[in-house]
Amino acid sequence: MTTQKGGFYFLSCAKIDILELYMSMNESFPPASSKEVPSLDSQSKYEKVAENIGHIAGEISEVPVPEETIEDWRTLMRLLYKTDHALDSIASPDEKNEKIKLFKDALHGTPKGKDVFVEETLEEIDTLTKNFSEEEKRFFLRLLSMLLTTTEEVSKSMDAHTAAKYTLLEGQITSRLFLPFLSREFRESDQYEKFVSLIATLGRIGNGLDTLVDLPTDYQNGQIQTKPTLYNRAIFLGTVLTQTKSLLQDRALSKDLLKRLFLKTARAVVEDR
């Protein structure tokens with residue numbers, strides 16, 4: 001569902017209208033058609049994201065995140081990982097886009113046609129969100145649909161500026177998927193907005209770093225149409241540096257916390273190479 005294979009993959013923003021502003025732009029990013037077989041090692045790195053987010057929540061708020069929530073986050077990351085690789089395994093861009101359309105139609109409650117993988121994934125989503133309110137479930141499904149749309153747009157772009165924007169948005173949307181699992185107490189705490197903003201920025205940085213590092217390989221595998229030229233890679237680097245500057249200028253966060261979070265994000269990207 002996302003094209004990210006390493007990094008923090010958190011994304012989010014406190015205001016949904018910011019997401020819709022990005023989505024309204026007629027811009028795009030990379031296709032996926034890797035024949036790479038998913039590894040348990042890579043999956044474990046996806047699951048590690050859940051634990052990292054739990055650590056961040058503990059640093060930000062006095063309201064604890066229970067192990068049950070972190071386990072739900074692990075399940076979410078396994079689901080994203082599996083869907084990501086299922087889409088990446090489709091060599092034909094037309095077939096991939098058709099699969100994405102089937103997913104989106106099903107998420108909107110208007111399935112068109114039969115697809116075993118889509119049906120199984122929806123069953124997993126229903127199980128994962130069984131304790132959600134109707135409003136939380138709609139929010140979650142809407143984010144999944146937006147994530148698929150962003151992935152689809154990312155896969156088309158030959159322009160690095162457009163690719164970079166959708167890379168950031170992809171990370172941002174993904175982090176929002178974690179929010180409905182948090183307790184009402186946590187979401188009503190004074191530190192909630194800070195937490196949402198922080199994982200949004202970390203998600204954008206992690207996804208940007210991941211794309212920057214993987215650009216040559218992804219282009220060679222047909223997963224990205226943006227050429228890995230020095231100029232294009234400089235554009236991606238610029239977006240990462242801009243997000244990093246924003247993070248460092250956040251006076252609400254201690255320098256020690258910022259250092260540890262940034263090093264953890266960068267290390268996660270490098271270790272996944």
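**Salt bridges in close-up**

**View 1. A salt-bridge network joins Lys 48, Glu 51, Glu 67, Glu 71, Arg 74 and Arg 78.** The model is predicted: local features need pLDDT of at least 70, side-chain atom pairs count only at pLDDT 80 or more, and totals for chains, interfaces and linings use all residues. Residues are numbered from 1 along each chain as its sequence is written, and side-chain values use heavy atoms, with hydrogens and water left out. A salt bridge is a side-chain nitrogen of Lys or Arg within 4 Å of a carboxyl oxygen of Asp or Glu. The structure holds 15 of them.

**View 2. Glu 51 pairs with Arg 74 in a salt bridge.** The N to O distance is 3.4 Å. The pair links distant parts of the chain, 23 residues apart: Glu 51 sits in helix H2 (residues 40-60), Arg 74 in helix H3 (residues 67-88). Helices are DSSP runs (H or I, at least four residues), numbered from the N terminus. Arg 74 is buried at 13% relative accessibility; Glu 51 is partly exposed at 24%. Buried means under 20% relative accessible area, exposed over 50%, partly exposed in between (1.4 Å probe, protein chains only).

**View 3. Lys 101 and Asp 105 form a salt bridge.** Their closest N and O atoms lie 3.1 Å apart. Both belong to helix H4 (residues 93-107), four residues apart, so about one helical turn separates them. Asp 105 is buried at 11%. Lys 101 is partly exposed at 41%.

**View 4. Asp 126 meets Lys 137 in a salt bridge.** N to O, the distance is 3.2 Å. Asp 126 lies in helix H5 (residues 116-128) and Lys 137 in helix H6 (residues 134-154), eleven residues apart. Asp 126 is partly exposed at 43%, and Lys 137 is partly exposed at 21%.

Key: Helix = DSSP H or I, 4+ residues; strand = E, 2+ residues; numbered from the N terminus.
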